[in-house]
Amino acid sequence: MSTSTNASTDLLTFRGSSLEVRDLTMAFGDIKVLRGVSLSIAPGTTTCIIGPSGSGKSTLLRGINRLHEPASGDVLLDGESALKVKPDVLRSRIGMVFQHFNLFPDHTALENVALALRSVKGMSKAEAKERASRRLAEVGLAERADHRPRDLSGGQQQRVAIARALAMEPEVMLFDEATSALDPELVKGVLTLMAGLCERGMTMAVVTHEMGFARRVADQVVFMDEGEVVEAGKPADLFDNPQSERLQRFLSEVL
Ligand SMILES: Nc1ncnc2c1ncn2[C@@H]1O[C@H](COP(=O)(O)OP(=O)(O)OP(=O)(O)O)[C@@H](O)[C@H]1O
Ligand SMILES: [Mg+2]
């Protein structure tokens with residue numbers, strides 16, 4: 001178990017694991033997309049990954065939970081090589097939330113959360129339902145458990161996707177532009193939910209264009225360009241005192 005119940009709030013507290021990426025290279029055919037990326041995320045901390053389109057941010061997250069296999073280098077989850085863990089098991093230990101929520105359209109919110117608990121965790125129907133209900137309540141969707149995705153707002157659908165990932169009791173959560181597809185008025189609620197996970201001890205790697213969120217919530221910001229980490233450090237250092245010309249240019253375009 002990577003989690004325990006905090007009785008006063010009845011919210012789960014998480015025991016996030018450390019995540020270390022060592023000299024990771026990834027390629028699509030002959031095209032090198034990551035060129036030796038290294039970064040280290042301490043347990044229970046949040047790292048925001050920023051950078052221009054095509055810099056390799058999504059590829060990095062996909063390499064970390066092996067949706068695409070790295071060409072070389074290593075990923076250490078709690079000190080153990082993620083490349084040696086079975087992909088299914090790895091993906092229950094490292095949850096991922098995408099820009100497009102990837103929910104099953106013909107299943108209710110509750111079923112979307114419960115399905116993987118049945119298939120991956122092997123829970124009984126009743127157990128899975130009980131756990132899924134709790135996770136939905138935690139993301140503020142107790143009332144919407146029986147709705148299908150099309151009857152939920154984008155923000156609510158993204159909450160279901162987050163509840164689904166959390167239901168597996170992961171040690172690390174990866175977010176790939178989780179708010180980019182949302183209407184502006186729904187962004188804040190999802191960002192607040194994400195910030196809450198971090199406060200409850202989850203280890204998080206968050207690819208985001210929300211610079212305000214990165215500045216406020218991140219323990220570390222990593223700036224990537226052309227498949228490399230160009231700068232990494234405290235948000236105030238990167239945003240207020242960027243060292244490289246590339247980061248200066250990027251910030252002048254996005255801020
Ligand atoms: N499946 C694929 N096949 C071939 N090339 C790919 C594939 N996926 C990504 N790439 C290429 O890898 C590079 C990095 O892409 P990636 O999606 O990681 O960038 P990103 O930083 O996430 O960009 P964005 O901010 O637009 O999401 C790009 O040049 C992209 O065209
Ligand atoms: Mg991307």
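How many Å apart do the end C-alpha atoms of residues 19-251 lie, and what percentage of the span is helix and what percentage strand?

Reply: This is a predicted model, in which local features need pLDDT of at least 70 and side-chain atom pairs count only at pLDDT 80 or more, while totals for chains, interfaces and linings use all residues. Residues are numbered from 1 along each chain as its sequence is written, and chains are lettered from A and ligands numbered from 1 in the order in which they are written.

The end C-alpha atoms of residues 19-251 lie 27 Å apart, and the span is 39% helix and 26% strand. Helices (H or I, at least four residues) and strands (E, at least two) are DSSP runs numbered from the N terminus. An unreviewed UniProt entry lists residues 19-251 as "domain: ABC transporter"; such annotations may be inferred rather than shown by experiment.

Within the span, four strands form an open antiparallel sheet in the order 4-3-6-7, where pairing requires at least two DSSP bridges between two strands. Its edges are strand 4 (31-41) and strand 7 (80-81), each of which pairs on one side only. Strand 3 (residues 19-28) joins strand 4 through eight antiparallel bridges, and A27 has K32 of strand 4 as its bridge partner. Helix 1 (residues 57-64) packs on this sheet, touching strand 3, strand 4 and strand 6 (72-77), and its direction makes about 65 degrees with that of strand 4. Contact here means C-beta atoms, placed from the backbone, within 7 Å; axes are lines fitted to C-alpha atoms, for helices over the stretch in contact, with angles from 0 to 180 degrees between N-to-C directions.

Helix 1 also gives the most to the shell around ligand 1, with three residues. That shell consists of F28, V33, G51, S53, G54, S55, G56, K57, S58 and T59, taking residues whose backbone-placed C-beta atom lies within 6 Å of the ligand. By class, two are nonpolar, seven polar and one charged, Gly counting as polar.

Strand 5 (residues 46-50) has five of its five residues buried, that is, with 20 or more other C-beta atoms within 10 Å of their own, C-beta atoms being placed from the backbone. In a regular strand the side chains alternate between the two faces of the sheet. Here T46, C48 and I50 are buried on one side and T47 and I49 on the other. Strand 5 pairs in the parallel sense with strand 10 (residues 203-207) over four bridges, I49 standing opposite V207. Strand 5 also pairs in the parallel sense with strand 11 (residues 220-225), over four bridges, and there T47 stands opposite Q220.

How values were computed
Contact = placed C-beta atoms within 7 Å. Buried ≥ 20, exposed ≤ 12 C-beta atoms within 10 Å, placed from the backbone.
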